[in-house]
Amino acid sequence: MLNSRSESYKAAGVDVTAGYEAVKKMKPFVESTYIPGVLGSIGGFGGMFEPPVQGMKRPILVSGTDGVGTKLKLAFLMDKHDTVGIDCVAMCVNDIACCGAQPLFFLDYIAVGKNYPERIAELVSGIAEGCRQAGCALVGGETAEMPGFYPVDEYDMAGFSVGIIDHDKMIDGSKLAAGDVLIGVASSGVHSNGYSLVRKTLGINEKSVRRYIAEFGKTLGEELLTPTKIYVKTIQSLIKAVDVKAMSHITGGGFYENIPRMLPDNISVFIEKGALPTPPIFDLIAKTGNIPERDMYNTFNMGAGLVVAVPADQAEKALQAIAEAGETGYIIGECRNGEKEVQLW
C-alpha cells in the first residue's frame with residue numbers, strides 16, 4: 001500500500017493515504033482486544049474468529065447491531081472522541097448478553113466527512129476499551145471518507161457484534177412466574193438514547209455544554225458524554241450465581257418498550273419508582289423541559305440500564321453477585337399474573 005495514492009481522488013476530497021495512517025495508528029488499540037479465537041490481524045477483507053464450541057451441544061450464534069445516535073453531537077461540541085466508541089460497543093453487546101450469550105467479536109463502521117487519522121485513532125481507542133470491558137475482540141471495521149455527505153468535522157458510527165451460547169442455556173423469559181423479583185442494575189446516566197430530546201430540552205450548544213453544574217461535579221457536556229455501562233461481565237456473574245429468568249437492556253423506549261420484550265404473554269410487571277435512585281441528570285431534563293413522568297420512563301433508563309428477573313428467594317444473592325461485579329443493584333418490582341405490560345407506581 002506504500003505505492004497506493006491518487007492525487008485525483010485526493011482533489012475530490014478523499015485521501016487514501018490518510019486512511020492508511022489511521023489504520024497504523026489504530027492497530028495497537030485493536031490488538032489490545034484480541035482473545036483466544038482471533039485469527040489473523042487487521043487489514044484483510046474479513047475478520048476471522050474461531051468460536052469456542054467445545055462442550056456445547058447446540059451452539060447458537062447471537063448477533064446485535066446499533067449506533068451511537070445523536071449523542072455524537074455532544075462529542076463534536078466537546079471535541080472529545082475517545083468515549084463514544086464505548087457507547088457503540090455497549091449498545092450491541094448488552095443486547096446480545098440479555099439472552100445469556102457471551103459476545104465474541106465486534107466490527108465497527110465509521111463514516112467521516114474528512115479522515116483525520118488522529119481522530120479515527122481516538123474513536124477506535126474507545127471501541128477497543130468497550131470491547132475489553134465486554135471481553136470480546138475487535139476483529140475488523142471500515143472507515144469511509146465521504147466528502148459532501150458529512151461535514152468535514154463530523155462523523156457517524158455504528159457497530160456489529162456476534163456472541164455465542166448453548167441452546168439449552170438461553171434466557172428468553174419463558175420461565176417467568178408470578179412472584180419473581182425485578183432487579184434494576186444502575187446506569188451511568190442517559191447512556192445513548194433520547195439525545196434528540198435531551199439536546200432540544202437543554203438547549204445544547206457550544207456554550208451550554210461547558211456550563212459547570214455543582215450537582216454533577218462536572219460540566220453538562222461531560223455528564224452527557226458519560227459512556228454507556230457495559231453489563232456483559234455483570235450478567236455472566238449473575239448467571240453463575242442465580243437462576244436468571246429474564247433480562248432487559250433499557251435503551252430507546254425506556255421501561256414501557258423494553259421490559260415487555262422479556263415477558264411472556266401471561267406476565268405483567270409492577271415497578272416501584274421510589275425503589276430506584278434517579279440520577280440528577282434526569283431531574284434536570286424533566287424539569288427544564290416540563291416533560292411528563294410517563295414520557296421520561298418511556299424514553300430514558302431513569303437509572304436502570306439493565307433489568308433482571310430472578311426468583312424471590314434468590315434476590316439477595318443476585319444483589320451480592322452484582323456488587324461483586326462492581327455494579328449496584330436495587331430490587332425495584334415483581335412479576336404478577338396478567339396481561340403483558342409494565343405498571344409503575
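Biologist: Where is Thr 226 found?

Modeller: Thr 226 is in the loop between α7 (220-224) and α8 (232-241). Helices (H or I, at least four residues) and strands (E, at least two) are DSSP runs, numbered from the N terminus.

Biologist: What kind of model is this?

Modeller: This is a predicted model, where local features need pLDDT of at least 70, side-chain atom pairs count only at pLDDT 80 or more, and totals for chains, interfaces and linings use all residues. Residues are numbered from 1 along each chain as its sequence is written, and side-chain values use heavy atoms, with hydrogens and water left out.

Biologist: Back to Thr 226. Buried or exposed?

Modeller: Thr 226 counts as buried, because its relative accessibility is 18%. Buried means under 20% relative accessible area, exposed means over 50%, and partly exposed is in between (1.4 Å probe, protein chains only).

Biologist: Which residues does Thr 226 touch?

Modeller: Leaving out residues up to four places away in sequence, Thr 226 touches Lys 71, Asp 87, Ser 188 and Lys 218. Contact means heavy atoms within 4.5 Å.

Biologist: Let's zoom out. How is the protein divided?

Modeller: Into domain 1 (7-169) and domain 2 (180-344). The bounds come from an automatic or database domain assignment. The C-alpha centres of the two domains lie 25 Å apart.

Biologist: How many residues are in contact between domain 1 and domain 2?

Modeller: 30 residues of domain 1 are in contact with 32 residues of domain 2.

Biologist: And how much area do they bury between them?

Modeller: About 2500 Å², with 67% of it on carbon and sulfur atoms. Buried area is the accessible area (1.4 Å probe) that two parts lose on being put together, summed over both.

Biologist: Which elements give two or more residues to the side of domain 1 that touches domain 2?

Modeller: They are α3 (72-78), α4 (84-97), β4 (102-112) and α5 (117-134). The largest share, ten residues, comes from α4.

Biologist: How do the residues of that side divide?

Modeller: Into 16 nonpolar, eight polar and six charged. Ala, Val, Leu, Ile, Met, Phe, Trp, Tyr, Cys and Pro count as nonpolar, Asp, Glu, Lys and Arg as charged, and the others, Gly among them, as polar.

Biologist: How many salt bridges in the whole structure?

Modeller: A search finds 13. Take Lys 27 and Glu 31: their closest N and O atoms are 4.0 Å apart. Both lie in helix α2 (residues 16-31), four residues apart, about one turn of the helix.

Biologist: Why does about one turn matter for a pair like that?

Modeller: An α-helix has 3.6 residues a turn, so residues three or four places apart point the same way.

Biologist: Which residue does Glu 327 form a salt bridge with?

Modeller: Lys 229, with the closest N and O atoms 2.9 Å apart. This pair links distant parts of the chain, 98 residues apart. Glu 327 is in the loop between α12 (315-324) and β13 (329-337), and Lys 229 is in the loop between α7 and α8.

Biologist: Is Glu 327 buried or exposed?

Modeller: Glu 327 counts as buried, because its relative accessibility is 13%. Lys 229 is partly exposed, because its relative accessible area is 25%.

Biologist: New topic. Where does Ala 75 lie?

Modeller: In helix α3. Ala 75 is buried, because its relative accessible area is 0%. Setting aside neighbours within four places in sequence, Ala 75 is in contact with Lys 80, His 81, Val 84, Tyr 155 and Leu 225.

Biologist: What about α8? Which are its buried residues?

Modeller: Val 232, Thr 234, Ile 235, Gln 236 and Leu 238. What covers them includes α4, β4, α5, β10 (246-249), β12 (304-310) and α12.

Conventions:
A salt bridge is a side-chain nitrogen of Lys or Arg within 4 Å of a carboxyl oxygen of Asp or Glu.
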